[in-house]
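Look over the sequence and the model before reading on. Then use the notes below to find your way around.

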Amino acid sequence: KYNIYKQRFSIENFNKNISIFVMFTFRNVTNKSYNMSTFYLNNILKLINNVDLNKELEKKNITLYFTLHSIFRNYKDEIIINNKNTKYIKHRDISKCLMETNLLVTDFSSIIFDIIYQRKPYIMFIPDAYDPNIKNVYDVGYYEIIDSLKNGTLYFENRFLNLSEAINKIIY
């Protein structure tokens with residue numbers, strides 16, 4: 001196990017102009033008939049539209065910025081945001097968000113290293129870790145990474161494989 005950076009954070013400690021940036025990496029789908037939104041996108045939408053999370057965002061005046069990986073541009077029309085504190089950003093604003101955000105929520109996207117370098121907290125959430133079709137849909141490398149995260153041979157602080165644990169960590 002290799003612990004890249006020990007984090008200590010709490011939304012309670014944030015100041016007035018806080019933001020959370022949510023972006024996930026691409027998926028190399030080997031089964032071309034698979035509809036990415038069936039599991040992966042649905043769990044991302046459940047995250048950004050979670051009622052408890054959105055109550056906290058509003059109560060504490062926190063903005064959640066969200067974007068899809070550029071490979072998934074075709075799915076942008078499926079993104080329905082149900083709260084005023086969440087903003088969908090354009091790709092040209094990703095660098096700015098990474099520099100200004102107080103917390104990153106991602107999976108194993110390489111943007112996590114930009115945040116670690118800045119010594120900012122992150123939450124690693126794998127929205128499709130328990131997709132029952134994972135071995136039929138993704139290439140071998142992807143589900144090998146997921147298995148390593150599940151069994152702890154690949155270790156990141158604040159890694160969550162289910163939605164409720166990720167949301168609880170963001171809120172508390």
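## The model

The structure is a predicted model. Keep that in mind throughout.

## The largest pocket

How much space lies in the largest pocket? About 170 Å³.

Start with the lining. Asn17, Ile18, Ser19 and Phe21 are among the residues there. Tyr65 and Ile89 also line this pocket. So do Asp93, Lys96, Cys97, Glu100 and Thr101. By class, the lining has five nonpolar, three polar and three charged residues.

Which elements supply at least two residues each of this lining? They are strand 1, residues 19–23, and helix 3, residues 94–100. Helix 3 gives the most, with three residues.

## Helix 2 and helix 7

Now turn to the helices. Helix 2 spans residues 51–59, and helix 7 spans residues 163–171. Their axes come within 10 Å. The axes cross at roughly 15°. Angles under 35 degrees count as roughly parallel, so helix 2 is roughly parallel to helix 7. The crossing of helix 2 past helix 7 is left-handed.

Which residues make the contact? Helix 2 brings Asp52, Leu53 and Glu56. Helix 7 brings Ile167, Ile170 and Ile171. Sorted by class, the residues of this contact are four nonpolar, no polar and two charged.

## Helix 1 and helix 7

Helix 7 has a contact with helix 1 as well. Helix 1 covers residues 40–48. The axes of helix 1 and helix 7 come within 10 Å and cross at roughly 30°. These two helices are therefore roughly parallel to each other. Is the crossing left-handed or right-handed? Helix 1 passes helix 7 in a right-handed crossing.

Look at the residues that meet. From helix 1 come Asn43, Lys46 and Leu47. From helix 7 come Leu163, Ile167 and Ile170. This contact has four nonpolar residues, one polar and one charged.

## Helix 7 in both contacts

Ile167 and Ile170 of helix 7 take part in the contact with helix 2. Ile167 and Ile170 also meet helix 1. Ile171 is listed in the contact with helix 2, and Leu163 in the contact with helix 1. To trace this in the model, find Ile167 and Ile170, then look for Leu53 of helix 2 and Leu47 of helix 1.

Methods. Residues numbered from 1 in each chain as written. Predicted model: local features only at pLDDT ≥ 70, side-chain atom pairs only at ≥ 80, totals over all residues. Heavy atoms only, no water. 1 Å grid on protein atoms, 1.4 Å probe; cavity = no way out; pocket = protein on both sides within 12 Å on 5 of 7 lines; lining within 4 Å. Points joined across faces, edges and corners; volume = space filled by probe spheres on them. Helix = DSSP H or I, 4+ residues; strand = E, 2+ residues; numbered from the N terminus. Nonpolar A, V, L, I, M, F, W, Y, C, P; charged D, E, K, R; others polar. Axes fitted to C-alpha atoms, helices over the stretch in contact; angles between N-to-C directions. Parallel < 35°, antiparallel > 145°, perpendicular 65-115°, else oblique. Left-handed = near helix turned anticlockwise from the far one by under 90°. Contact = heavy atoms within 4.5 Å.
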